[in-house]
Structures are given as C-alpha cells and as structure tokens.
Amino acid sequence: MKNRERMNTTTTKNVCGDKWYLNLDKPEEALKVLGFIAIFVIRTLLHHAMKPLGQPYLTTDFAIGLILGNLPKFREAFSGPYSTTLNNIIEFGMICHMFVMGLEMNPSALLRPPTKDAFMAYTSMLTTFAIAFATTPFLHYTKTAPFVFSLALSLMASSTGSPILTRVISNLKIRKSDLGKLASAAGVHTDMISTLFYCFGFIFFPTERPLPRPLHRFFRALLMFCLFLAQVTFTSIVSPIFLNWVNNENPEGKPLKGSHLVMSLAFVVLICSFPTWPPESMYNPILSAFTAGLFLPNQGRMSKWIINKINYLLSTVFYPIFFFWVGFIIHMRNFDIGDKLAWARLFSLLGTVIAGKVVGTVLCGVLLGYHVRETASLGLLLTTKGHFHVYLAALAIRRVPVHIMALQWLDPTTELRVLMGLHGPHNIGSTLNLMEICHGGREPGSIYYATDMVELTDEIAATLKKDGRSGQNNDDSVTVTDRTVTEMRESITAAVNGYGELRSGQGVTVRRMLALSTFMTMAHDICGLADELMNAPCSIGILVDRSFGQTEEAWRPGASMDIAIIFIGGRDDREALAFAAQVARHPAVKLSVIRFLEDKSSQNAQKRSSILNRASVVEQEEEMKLDDECFAEFYERYIAGGGRVSYMEKHLTNSSETFTALKSLDGEYGLVIVGRGGGRASSGLTTGLNDWQQCPELGPIGDVLSGSDFSHNTSMLIIQQQRTRGQLEGLHDDFTIL
C-alpha cells in the first residue's frame, strides 16, 4: 500500500535488511562466476555420461538448469536486478535462435507440390491438433476464454522442434537412413508451418488486457499485418541483391572485409527489428527475427558465416544459461506433488501429443505405402519439442500464480502477507493502524514488510559508502550515510519495531525493507520487491493519508475507529468488501457498509440498457450476479446476526446524486474504503465522474473522496484486485501470441 502524499516525488528499489543497507553484491560476484563455470563443467561431464543413451545436450542442459536454478544460493545470487539482466540475455538469445532457425529453413517448399515428407508433416499436425483441441476443454486448464486457449495449446502440441530433432537423429545414427531423412524433412516442415501460425496468431489476437476497442484492434492488426508483408517483401527482394554483392566482393579463400561484415550485420538487424519500431504495432521481436531469417537467402558465404557463428555462440554459451534461467523461474517449491489433477493434465497432454503424431503418420504412411512400424517411429520422433516451445512454456509457468492472491479468496488457514510503503515519519501512525486493523486477530498470523521508499537522488548517491560488514548476508553492501535518510529510518524503525514487539505474541511479524531507486524505476522495482518476497501478484491499495492514526491508535485499550466501505459493484469493490470483512473483526472498528444501488425505474437506466448490445448485457448480468452473491455472503455473516457492522442503502439515479451522496459522508468517518472500479458493470452512478478525474489511478469514487474540497480528517483506501493477464489466469503476454 502506498500513500498518496508525495506520490509523484518518491521512488523505489532493492531489499534491505533490518539495518539500512542497499545490497548490490549479495552474495559475492565470485559465486555468480563459479555458478556459470559449474554449469558448463557439469554439462560436459553429464552429457558424456548420457551419450550412450542417445540423449542430446537438451536433456542434460534441462536437468542441470532445473537443479541449479532451484538451489537457494543460486536463486539468491540472481535475484533482484540480476534477474532483469538474465531475462534480457535470454530474450536476446532467443532472437538469435529464432533468426538462425528461420535462416536454415527453405520457404520455397511451401510453394511446391507437397512431397511425401510434407504429407507426413501436415497429417501429423492435423491429427494432433484435432485430438488436442477436442480434449483440452475437458481438462479445464483455464476458466477464461477456453476456446482461444485450446487453439493455442493445440498448436503448440502439434508443432515440432526441428533443430533438436536433427540432433536426436544424428545421435541415433539414422541420419542417412530413409527414416532419418523423412523425419528430418517432416520436422522442418512442421516447425516452419507452426511458427508461421504463431506469427499470424500474434497479429490477429491482441495480448494486452483489458482488450482494446474493436476498431482499435482492427487497425492494430492491419498495421502489424502490413508490417509483416513489408518485411517479407523487402527481405525477399532486397536481401538477395545485397548478399550477392557481398558474396561477390568476398570470394571463398579470402578474408572477409570488415566493412562488408559490419554492413551485413547492420542489414540483418534492420530487417529483424523494423516491424517492431511503430509503438502501436506491439509486434514480437522474437517472431520478427524468425520471419526475417526465413526469407533471407541461406546460400552464400555470408549467410553460412552467420549461421555458423551464431550456432556456435548458442550451443556453447546461450543454451546452458537458457536452461539455468528455465530452472530459475520454475520454482519447484511451488509445485504440489500431491495434486492429482495437475498430474492428470500433464500426462493427458503428453498422451495427446504422442497419440496425435503416431496416428497421423501411420494413417498417411499406409496411404503412401510405408510400413506401420516405420511410420509409428516417425510419429514418435515428431513429438520432439525445441527451445522455443520450452521458452513459451517456461514463461507461462512463471506468470501463472499457484493460487489467486486476493483477499476475496484468501485461505483462512494461511498467513496474511502485506507490503507497505512509507514515504517518511508522517506515515507512521497510519501504517501502524493499518497493520493493526488488517491483522484483526488472525490465528495464522500476519507478516508486514514495512518498506521505506526513498528517491535515489544525486545527493543521496554521493553518500553511499561500500563496506564489508557481514551478517545477514550483507557482505559487500553499501551503507546509506545520508543524515536525512538515516534519521528518517531510525524513527520509523523504532516505531514499527515497537509495535511488532507489542504484538509479537499475537502472530504479528514486522520486517523492515528499504526501497531506493530513481523515479523512473519506482513502479518496476517495488513490483519486483513484492515478487521477490512471494507477495505477488496480488491486490494493491493506495492510501490517501489524512491523519489516519494521528488522533486514535487502534491497539490502545478502549480505542474506537469509525470506518466505512462504499460498495457499488465490480471485482475491485468485491475485493474492498473482503478487506472490510477482515477489518470488521477488530474490536476497535465500527464498520458501516454503504451500498449504492441504481434505480432501475429511472429513465437514464432504461435508456442506457436499450443501447447495450447482447454481449455487454450478458457480461454485465454475470458481474451483477457475482456482486449479489458476494454481498449476500457478507451480509449473512457480518450484518444479519447483529454486532458492530451497520448497513445502509442509497438508491440513486445518476452520477450527480452519487456525488451528492459522497459529499454527505464528509467528516463522518476516519477511513473510507472503496474499490478502484475495475470490472464494474456499466452504471449511471459513475458515468461522467471519469471526466472530472484528477487522479485516474484512484478510480472515479476514490478521486472524488480525495478531492481538496473533501474533509481533511477522512482518509481513503482505494483497492484494486489482482489483475489476470492473458487468456489463462496469470499467463505471461508472450505466451498469448496465439
């Protein structure tokens, strides 16, 4: 939770322990170097041990990465800013990988009459896709947009990793046999077709949430499609002319001219990147690199030089780091080995891929006169997946939360984890009061990360002093010696630690953090901190602090606090109601629940309902149903039985009456809890309020309550429920390219 005061002048960064250190090297840099050396050494030894089994480097790399990436020391070494650097390395490596993969393929095969290997590839793809698409919906991989997700997963199941398949065929010593040649050619066909489908899927299916307007989606898709055509046309026409000139100027047997080499690399970068230049295109650079490589001539000295150099770099350096990254982001501690449904989904997907490939190749092979045994073996070979598929799957695993971390679905047997941001000592009172009322006597306990958010200015940066203090993994840390920051932190530490000691026997744990960074990286770093603390993705709140806690301390005997929650509807309001239920359990809280209901008999409501299309009506009815169910449960539990929770309804017709109703609450409560407004069904109660907003991040209701003409004795807490990304809940955007 962040306070609104000084909201535009504060920034954030890394974790600090109970003492005020900014850890830049934790642990020593030598551990990172030794880690990479260990990866390469163990990789070589393990590969030679598994070579008699015909296993490629992919197998050993994956095993080593999964183990080392989950060791606590390695995870600690590459956390924080180092994880961002690692992600950038991986993305650049995947761009190179996809470029070379496309460069080694021949797109002219798509224009020629299909050969036997092409028939095998297409048939196995179709059967696998059909079986996967028919079975995926019954496994309930996702609750949202199951049709689109089934398409995505089915396409991935039907694809083949041709580079890995080629290595497997070589290791099995069947490369020159008829089966090996057929499998290699069919794998390339399958890989090329499926990756082109990825490209088209990324163009026509937007990845951002919420979805843009239909007209905006159409023009964006049209722009990306035009860029795709421009890239294909330019690469197909211009690149042969340019590369032929370079090859003629650099015949075999003579050293490559440096100027020609630089121009060739610059040309490759140009054709790979220009579809991503327009800010509205949102075209994926990895897929753009594949398209550029696919239509670039793969014959000639320069093309072969590029292929050899990049493949050498990938195989010797990138792939071991890539699988370490996969192991790093797949946190095995989060995997529930006893989840039978998860195992069922895994083996069902594996069975679908194997059955689809084998059935397709056997059917096609019988028609073409092949033996069943050979075609069945071919089908098994075509189940091979490559680095690109592992990359997509790893990104999806990284972003799919183990459970939805929102108060509405919080397991009462688990502890409550809250990251709170403080701008200075003036936020101490409100922070302690929020800690107290959030805890509410929870039996599992609560953990609060009290984080000082300090802007890293030039003056503060000049006072950072590196030292070698040890203890609590603070080796090679830097001490923040700025007197203002030090005094601020001392006063905050004394207050929150005193509260933690007071409530230590009641399940409350308070930990101190320091977030120190420039203004531009504030949002990114505070999110990274929450992610490192395994507190995200989660719901967030912004506190507009107006002396909340200055006049009353909730933990004192006899304390009394008047708190209100305004409920209109939508997922954010439902999350705010869940937070209010948490607060209502505290003995010092007198909670008032105020529900704004729209008068459906008004002319405004009737006029608005008449212009809604059928899809909007269905969506709104579903949201209203969820609102009623959530509120009915809250009413039955906290209001119907009597107690300290009071309830009132206000029947309103338009936003003007909403504004008046909000003004009537002026000064009556010390804290007002509201939702930001996400997922709220179209309502005349807030229509028009958006036009007046000064702070859109607060939502229409929060913006009105935080206005300068409202009471200076009433604080506001605006809550936004955890957002889901992509078609699958929590899915990474790069995975939703389908």
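This is a conversation about how a few features of this predicted model get their names.

Biologist: Let's start with an overview. How many helices and strands are there in the chain?

Modeller: The chain has 24 helices and 13 strands. Of its 738 residues, 49% count as buried.

Biologist: What makes D452 and R512 a salt bridge?

Modeller: The cut-off is a side-chain nitrogen of Lys or Arg within 4 Å of a carboxyl oxygen of Asp or Glu. For D452 and R512 the closest N and O atoms are 2.5 Å apart, so the pair meets the definition. D452 sits in strand β4 (residues 446–455) and R512 in strand β7 (residues 508–517), so this pair, 60 residues apart, links distant parts of the chain.

Biologist: Why is D452 called buried?

Modeller: Buried means under 20% relative accessible area. D452 has 0%, so it counts as buried. R512 comes out at 1%, so the word buried applies there as well. D452 and R512 also belong to a network of salt bridges together with R489.

Biologist: How many salt bridges does the structure hold?

Modeller: It holds eleven. One of them joins the side chains of E623 and R574, at 3.1 Å from N to O. E623 is in helix α22 (residues 614–639) and R574 in helix α20 (residues 571–584), so the bridge ties together parts 49 residues apart in sequence. Both E623 and R574 are buried.

Biologist: How do you know that the buried residues of α19 line one face of the helix?

Modeller: In helix α19 (residues 522–532), the buried residues are M522, D525, I526, L529 and A530. Looking down the helix axis, these residues fall within an arc of 140°, so they line one face.

Biologist: How do you know that the span of helix α13 agrees with what it should be?

Modeller: α13 (residues 340–368) has 29 residues, and at 1.5 Å a residue it should span 42 Å. The C-alpha atoms at its ends are 42 Å apart, so the two values agree. Among the buried residues of α13 are T352, G356, K357 and T361. After α13 comes G369, whose phi is positive, near 90°.

Biologist: Why is L382 called buried?

Modeller: Its relative accessible area is 0%, which is under 20%, so L382 is buried. L382 is in the loop between α14 (372–381) and α15 (387–399). Beyond its neighbours within four places in sequence, L382 contacts residues including S124, L165, A183, K357 and T361.

Biologist: What about S264: why does it count as buried?

Modeller: S264 has 2% relative accessibility, under the 20% limit, so it counts as buried. S264 is found in helix α10 (residues 258–273). Not counting residues up to four places away in sequence, S264 touches F242, V246 and M302.

Biologist: Last one: which residues touch the most other members of the largest nonpolar core?

Modeller: They are M94, F99, F322, W325 and Y391, in a core of 78 residues. Helix α12 (residues 301–329) gives the largest share of this core, 15 residues. There is also a second, separate core of 52 residues, which includes V510, A581, I639 and L717.

Key. Residues numbered from 1 in each chain as written. Predicted model: local features only at pLDDT ≥ 70, side-chain atom pairs only at ≥ 80, totals over all residues. Heavy atoms only, no water. Helix = DSSP H or I, 4+ residues; strand = E, 2+ residues; numbered from the N terminus. Buried < 20%, exposed > 50% of the residue type's maximum accessible area, 1.4 Å probe, protein only. Arc of directions from axis to C-beta. Core = buried A, V, L, I, M, F, W, Y, C linked by side-chain atoms within 4.5 Å. Expected span 1.5 Å × (residues − 1). Contact = heavy atoms within 4.5 Å.
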